[in-house]
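Visitor: Could you take me on a close look at the site around the ligand? I would like to know what surrounds it and how it is held in view of the rest.

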Amino acid sequence: MTTRVLMVFDLPYSVPANYDFATEFADPDGSYTENDVYKALLESDYEVHRLSLFNDIRPLLDAVRDIKPDVIFNLCETFNLTTHWDKNVAATMELLGVPVTGASASALFLCNDKGLCKKILRFHRVRVARFHTFYRGHKVWLPKALKLPCIIKPLTEEASRGISQASIVDDEAGFLARIAMIHERMNLDAIAEEYIDGRELYVSVIGDRALRILPAREMTFGQMDEDEPRIATYKAKWDDNYRKRWGIKNHFAKTIEPDLQNHIEDVCKRAYRALHIRSYARFDLRVTSAGNVYVIEPNANPCIAKDDELAQSALKAGISYPSLIRKVVNQALRRKNEAE
Ligand SMILES: Nc1ncnc2c1ncn2[C@@H]1O[C@H](COP(=O)(O)OP(=O)(O)O)[C@@H](O)[C@H]1O
Ligand SMILES: [Mg+2]
């Protein structure tokens, strides 16, 4: 019998029932991840239904009742444009009795808060930057325990939203001003972390019980001034002209010595398990010149588009894109069978 997949994703607006998504899927910059996953699912001969969510959860309940999917392919990253409500969408799906691909609600909860996940990682002796969290409406100061320079980030954002060269601060006035910017202009809580100088690596992992660490990717900063902080700002990630101007590139990491590779694999496996991650994930790491590996951020629901880091790393490991997508579906179906 053909496996019936309900692919659920977020859009910044509502659409009528039985909408055909022709406009969204025709736009190469729009729903590119959804497009890639959709094509891969069709190629794998699944029966595929699509559903978008904006600010109303009822279409999900209706679709599950009417379509009776064998599995939900969850690509929701926001609900009502709010990043940290992705966990609430996953939690609702978990109540519907249908296996769901990717991260559980609890992993999303633990990983979305850049402070909370670091507390857990530290307990498990995974290196993380020293940090302090600052909530809106509460006192803000420069803690003595933090060494400057620091990076100031939104506590619960993704995709480097709110991160620019100005996020790195090296005096008290800059520290306080940047936190005020996140509180007041972005209306978000903030985290200040000590700045970790080093290589910027992206390491993807797949698996539930047996974990497979995929070949590391790296961002390098080309001709950017040595005095400038070399970090993956919003522009460094998404602005093609800016990337070209400075020679910023993402590519497979060269020259990782075997000892360092083993250490990276050990860190990623421990972090994956400590944070209840399953299915697939990507760790943003920094490796210092002394060979210390810091987890900057665990991504329990990383981008799974064909051109993004995880799928590129999988391909390098011999896993084609359609087979990656099938693996993710099969993980969910297997979890369901194990639960029965
Ligand atoms: N403590 C840190 N030290 C050095 N660089 C950092 C630190 N925290 C973040 N960065 C830089 O900022 C980028 C984005 O930070 P991250 O926490 O991964 O946020 P996002 O969820 O938006 O991707 C990182 O990839 C890294 O280049
Ligand atoms: Mg990141």
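**Around ligand 1**

Guide: Happy to. Ligand 1 is surrounded by 21 residues, the closest being Lys114, Lys153, Ser160, Glu200 and Glu297; a residue is near the ligand if one of its heavy atoms lies within 4 Å of it. This is a predicted model, in which local features need pLDDT of at least 70 and side-chain atom pairs count only at pLDDT 80 or more, while totals for chains, interfaces and linings use all residues. Residues are numbered from 1 along each chain as its sequence is written, chains are lettered from A and ligands numbered from 1 in the order in which they are written, and side-chain values use heavy atoms, with hydrogens and water left out.

By class, the shell around ligand 1 holds nine nonpolar residues, one polar and 11 charged. Here Ala, Val, Leu, Ile, Met, Phe, Trp, Tyr, Cys and Pro count as nonpolar, Asp, Glu, Lys and Arg as charged, and the others, Gly among them, as polar.

Now for the polar contacts, meaning pairs of N or O atoms within 3.5 Å. A polar backbone atom of Ser160 is 2.5 Å from an oxygen atom of ligand 1. On the nitrogen side, a nitrogen atom of the ligand lies 3.0 Å from a backbone N or O atom of Glu194, and a backbone N or O atom of Ile196 lies 2.9 Å from a nitrogen atom of ligand 1. The protein buries 99% of the 550 Å² that ligand 1 exposes when taken alone; these accessible areas come from the Shrake-Rupley method with a 1.4 Å probe.

Which elements give two or more residues to the shell around ligand 1? They are β5 (150-154), β7 (190-194), β12 (280-287) and β13 (293-299). Strands are DSSP runs of E with at least two residues, and helices are runs of H or I with at least four, numbered from the N terminus.

Another detail is in the loop between α2 (32-43) and β2 (47-53), where Asp45 is found. Phi of Asp45 is near 65°, a positive value in a residue other than glycine. For background, most residues other than glycine have a negative phi, and most peptide bonds are trans.

Methods
Polar contact = N/O pair within 3.5 Å; in protein donor to acceptor, adjacent residues only side chain to side chain.
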